[in-house]
Amino acid sequence: VQLQASGGGLVQTGGFLRLSCAASGRTITLNGMGWFRQAPGKEREFVASIRFGVRSEGHSTYYADSAKDRFTISRDNAKNTMYLQMNSLKPEDTAVYYCAATSRYYPVGNYYYATSTYNYWGQGTQVTVSS
């Protein structure tokens, strides 16, 4: 599976951006996808993730506290693309944003917060929020 992230850029405080992550290859094996970010001098941190539903289940979404009420993660199955709509951006949101995907299945949502859950990573896309 290959992941291609895009949509980053420079935006003012309070602005918005939509990140995209296009997946290709054996995407049918995927059970979840997520967004992480890494600011200079800091560790990579969880932003949001989506666990694909099994059979009649719907997707489940998870957010870091910093992203709740401002960011929305979604997926377009037909396009094999995941999105992160980011509103009300703050300077502290400045980071390189990485998309990730996992072929591993976990019945508990907590796993989808951890970097170790994901076995595919895309290149990062820079998001810079000016004050």
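**Strands, a disulfide and aromatic rings**

Visitor: Which residue is the bridge partner of A5 in β3?
Guide: The bridge partner of A5 in β3 is C21. Please note that this is a predicted model, in which local features need pLDDT of at least 70, side-chain atom pairs count only at pLDDT 80 or more, and totals for chains, interfaces and linings use all residues. Residues are numbered from 1 along each chain as its sequence is written, and side-chain values use heavy atoms, with hydrogens and water left out.

Visitor: How many bridges hold β1 and β3 together?
Guide: There are five bridges between β1 and β3, which covers residues 17-24, and the pairing is antiparallel. Another of the bridge pairs joins L3 to A23 in β3. Strand β3 is also joined to β8, by six antiparallel bridges, and A22 stands opposite T81 in β8.

Visitor: What order do the strands take in that open sheet?
Guide: The four strands follow the order β1-β3-β8-β7, with antiparallel pairing. Because β1 (2-6) and β7 (71-76) each have a single partner strand, they stand at the edges, and one side of each has no neighbour in the sheet. On average, neighbouring strands of this sheet are turned by 15° against each other, direction ignored. The axes behind this angle are lines fitted to C-alpha atoms.

Visitor: Back to C21. Which residue forms a disulfide with C21?
Guide: C21 forms a disulfide with C99, and their sulfur atoms are 2.3 Å apart. A disulfide is counted when two cysteine sulfur atoms lie within 2.5 Å. The link is right-handed, with 65° about the S-S bond.

Visitor: Are C21 and C99 buried or exposed?
Guide: Both are buried. Buried means under 20% relative accessible area, exposed means over 50%, and partly exposed lies in between, computed with a 1.4 Å probe on protein chains only.

Visitor: What does M33 touch?
Guide: Not counting residues up to four places away in sequence, the contacts of M33 include L3, C21, A23, I73 and Y118. Contact means heavy atoms within 4.5 Å.

Visitor: Tell me about β5. How many of its residues are buried?
Guide: Six of the seven residues of β5 are buried. Strand β5 pairs with β4 in the antiparallel sense over six bridges, and R51 in β5 stands opposite G32. Strand β5 also pairs with β6 (residues 60-63), antiparallel and over four bridges. There, S60 is the bridge partner of R51.

Visitor: Changing topic, how many aromatic pairs are there?
Guide: The count comes to nine aromatic pairs. Rings of Phe, Tyr and Trp (its six-membered ring) pair if their centres lie within 6.5 Å; planes under 30 degrees apart are stacked, over 60 edge-to-face, and the rest tilted. The rings of F46 and Y113 have centres 4.5 Å apart and planes at 45°, so this pair is tilted. F46 is in β5 and Y113 in the loop between β9 and β10 (120-121), 67 residues apart.

Visitor: Is Y113 buried or partly exposed?
Guide: Y113 is partly exposed at 33% relative accessibility, whereas F46 is buried at 11%.

Visitor: And what kind of pair do Y118 and W121 form?
Guide: Their centres are 6.2 Å apart and their planes at 70°, so the pair is edge-to-face. Y118 is buried, with a relative accessible area of 4%, and W121 is partly exposed, at 30%. Y118 and W121 belong to one aromatic cluster whose members also include F36, F46, Y62 and Y113.

Technical notes: Two strands pair if DSSP finds at least two bridges between them. Helices (H or I, at least four residues) and strands (E, at least two) are DSSP runs, numbered from the N terminus. Axes are lines fitted to C-alpha atoms, for helices over the stretch in contact, and angles run from 0 to 180 degrees between N-to-C directions.
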